[in-house]
Amino acid sequence: MMSVRNRFIFALVFSLPLLVNMVGMPFGFMLPGGAWSQFGLTSAIMAVAAWPFLQSAWASFRHHHANMDTLVAIGTVTAYLYSVYALLTKRAVFFESAAFVITFILLGQYLETRMKASASSAVEKLVDLQAKDAEVIRHGQSVRIPLAEVQVGDVIRVRPGQKIAVDGEIIEGSSTVDESMVTGESMPVLKKTGDKVIGATMNSKGSFLFKASKVGDDTLLAQIVAMVKKAQTSHAPIQKTVDKIADIFVPVVLIAAIATFAIWYVFLGASAVTALLFAVSVVIIACPCALGIATPTALMVGTGRSAKLGILIKNGEVLEAANTVKTIVFDKTGTITEGQPKVTDIVGDAPAVLRNAASLEAASEHPLAAAVLAKAKAAKIAVEPVRDFQAVAGQGVTGQVKGQAAFIGNAKLLTTPLPPKLAQAMADLQQAAKTVVIVGVAGKAIGLIAIQDAPKASSATAMAALKQQGLRTVMLTGDNQRVAQAVADQVGIDEVIADVLPGDKAAAVAKLQQTAPVAFVGDGINDAPALTTADVGIAMGSGTDIAIESGGIVLVKNDLMDVVTALTLAKKTFNRIRLNLFWAFIYNTLGIPVAAGVFAALGLVLSPELAGLGMALSSLSVVASSLLLNTTKLGQRAKGLPIGQKTMA
Amino acid sequence: MTQIMVLIGAVGLIGFIVWWFFGKHTTATTTAKVQNATQAAEVVVSGGYSPETVVLKQGVPAELTFLRKDPSTCLDHVVFPDMGINDFLPQDQAHTIAIDTTKPGNYEFACGMNMFHGQLIIK
């Protein structure tokens, strides 16, 4: 079987003499053998280059289907058979129409295949990032084994300049690692014992040992590949209409062509040749190729490019939804802020407050717990065992420390009101955008711990950029109004919804949805319901598997500027799909009447070979337009100093 | 006279096209054969998919083999949008795709341009 490329070359070589003949005709030049050589050359093209079109058209026909091959086959066979009849009855022939149409269409298909291959290369490039093997320490010996044999728990040695094979945690040594290929983060990241490394990233100068935690399909890269693949094969809702049209398009075009012939021949008294040429042009110009590839190619390039930046867009539906978003809601902790709070102040008897707090928090998974424990460790305060430990959602934790009922949390855990002195201290600390937790024993406060979670460096810049895009920014948090408002003021957020219990986040999003489509940005398991409720869920920092599942857009990096980039890219891609569809529709809706000779009175007609060229160009322009998405500017991605960031005491 | 004949011919041809392409025509359905705890089915790609509907048993690992006989570039890819599969089908060579049968339901598959359709039923 000949490739499209060879078929094109064959058709080109055999149609060149026909071209010379056509151009030379006005000057009295004719091919030796005249119409009979034209017949020979065209027959060769029909038999070799065009044969697959005929084969496929016939196969579809038997299945009651019609495709673009049906149109090409009917158009060219009609022109060819009529010319044979004309040759035998000594009339004017138009073999070259059939030959040129085949040549142009094959050229279009050849270029289109090449371009489509480069549009879909993103996934292969991601898979190629994978390391081929790994140096594993087994029974005290280091052995090099293929990647597929690496198991969870294996200790792997990474030498300078080597690729990290799988996901894991460093157990010895340190180095800087270039993670740009997976996360899009351009700066190398310092990794030391206890830090997580990502498979397929590149180690620079140091060397280290790490323990494999995820292998095979569980690695971050494998999950990214799977997600990009799904996104690229998904359909944008806008395409559904197109699909419906495509289903009935070809038969409708055939009917239009027959009607064209009948009207010209029967009612307008045109000659059979003229009428036939109009009909053939209609069949050729109408190939719905451009329409068919308008969405998939743009989707492929758009999602492929975003994946390279560490932004994973789940499917075409998300892409389309991102385009309608008017309100963008952020979770505070870990999204707008660093998510790694530190203890800044302790009010009351510091050792006692810290001991009770640290003991209770030792068993807690609350993000603030880490800060308290870190502080206790630094102050060399030992953690006591806790009995009857209980986490009360939205309030805090309680338990028995040294036989006393202790608690750490907010005012809801108090049985007696806060003393005025502590209340004043609390208000002061909260004014300074600090989270204050009350530590108490037997329902009575013994002191306060102030914890601060500073906004990320990029938060303010990101908010400014989002506002510039005309979006309303909202912050959703379980913290109290004052703390939340202080952070909001620092980064420039329009609206704050504070004191929201984790379980109520989804409801808060749903409420905002009543006015306009909402995007929700968050991480953490608590956010999963809100991520799914929102029109567009943006999960940050690769976070947890659940976040990846529920997010429509997943940001591998923990940088808010990527929210801006993601939305910009989604909009650009969707606009490109719309533009492609618009041109493809215009092309077909305008092309068909022109080809049918509606404007013949104005001297505007389309010969079958021009129709063939136009058809080839239309699909090419759509693919080229999609590929242009690879080079569109995405606005500023520089990480300047955030605007309006205040120094915090 | 010729003109009336042409007109009648044209109307007849249009009628035929409408009946042939838009009329109700039965499509073939195959249920995959279960053998040694796996199931397999073959789909021939030639001017469409035969059969157009493949029925798979839920929970049994399945393999679908596509054999593309059609030279058209229209049919050179098969896409399962819900499963993230977008595979190239080499002409005249069997191409096997492993199907995840854990979730029951109806799954569409189509050619790269979404013009030819087939259906996968997992139950």
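**Figure 1. Loop residue H139(A) in the predicted model.** In this predicted model, H139(A) occupies the loop that connects β1 (133–138) with β2 (141–146) of chain A. The backbone of H139(A) adopts a positive phi of about 50 degrees, although the residue is not a glycine. H139(A) has a relative accessible area of 82%. Exposed residues are those over 50%, so H139(A) is classed as exposed.

**Figure 2. Loop residue K380(A) of chain A.** K380(A) is placed in the loop between α15 (367–378) and β12 (386–392) of chain A. Its phi is positive, at about 55 degrees, and K380(A) is not a glycine. With a relative accessible area of 75%, K380(A) is exposed.

Figure 3. T76(A) belongs to helix α4, which covers residues 68–88 of chain A. The relative accessibility of T76(A) is 1%. Because residues under 20% are taken as buried, T76(A) falls in the buried class. An α-helix has 3.6 residues a turn, so residues three or four places apart point the same way. When residues up to four places away in sequence are set aside, T76(A) touches M46(A), A98(A), V101(A) and I102(A).

**Figure 4. Helix α17 of chain A and the elements that cover it.** Helix α17 runs over residues 459–468 of chain A, and 7 of its 10 residues are buried, so the helix is largely enclosed by the rest of the structure. The buried positions of α17(A) are S459(A), A460(A), T461(A), A462(A), M463(A), A465(A) and L466(A). Among the elements covering these buried residues are the strands β10 (327–331) and β17 (472–476) of chain A. The helices α13 (332–336), α18 (481–491) and α22 (561–595) of chain A also contribute to the cover. Just after α17(A), G470(A) takes a positive phi of about 85 degrees.

**Figure 5. A566(A) in helix α22 of chain A.** A566(A) is located in helix α22 of chain A, one of the elements that cover the buried residues of α17(A). The relative accessible area of A566(A) is 0%, and the residue is buried. Apart from neighbours within four places in sequence, A566(A) makes contact with I311(A), I553(A) and L555(A). The C-alpha atoms of A566(A) and I313(A) are 8.1 Å apart in space, while these two residues are 253 residues apart in sequence.

**Figure 6. The cis peptide bond between S50(B) and P51(B).** S50(B) and P51(B) are joined by a cis peptide bond with an omega of about -5 degrees. P51(B) lies in the loop between β4 (49–50) and β5 (53–56) of chain B.

Figure 7. Chain B contains 1 helix and 11 strands, arranged from the N terminus as α-β-β-β-β-β-β-β-β-β-β-β. The radius of gyration of chain B is 19 Å, well over the 14 Å that the globule rule gives for 123 residues, so chain B is more spread out than a compact globule. The C-alpha atoms occupy a box of roughly 70 × 30 × 25 Å along the principal axes of chain B. Of the 123 residues in chain B, 48% are buried. Chain B exposes about 6200 Å², and carbon and sulfur atoms supply 58% of this area. Its charged side chains number 7 positive and 10 negative, with the centres of the two sets 9 Å apart.

**Figure 8. Chain A as the setting of the other close-up views.** Chain A has 23 helices and 21 strands. A compact globule of 649 residues would have a radius of gyration near 26 Å, whereas chain A has 34 Å. The C-alpha trace of chain A spans about 115 × 65 × 45 Å along its principal axes. Buried residues account for 54% of the 649 residues in chain A. Among contacts in chain A between residues at least 6 apart in sequence, 69% join residues at least 24 apart. The accessible surface of chain A is about 27800 Å², with 62% belonging to carbon and sulfur atoms. Chain A carries 55 positive and 46 negative side chains, and the centres of these two sets lie 4 Å apart.

Technical notes. Residues numbered from 1 in each chain as written. Chains lettered and ligands numbered in written order. Predicted model: local features only at pLDDT ≥ 70, side-chain atom pairs only at ≥ 80, totals over all residues. Heavy atoms only, no water. Helix = DSSP H or I, 4+ residues; strand = E, 2+ residues; numbered from the N terminus. Rg over C-alpha atoms; globule rule 2.2 N^0.38 Å. Buried < 20%, exposed > 50% of the residue type's maximum accessible area, 1.4 Å probe, protein only. Areas by Shrake-Rupley, 256 points an atom, 1.4 Å probe, with all protein chains shown as cover. Lys, Arg positive; Asp, Glu negative; His and termini not counted. Charge placed at Lys NZ, Arg CZ, Asp CG, Glu CD. Contact = heavy atoms within 4.5 Å.
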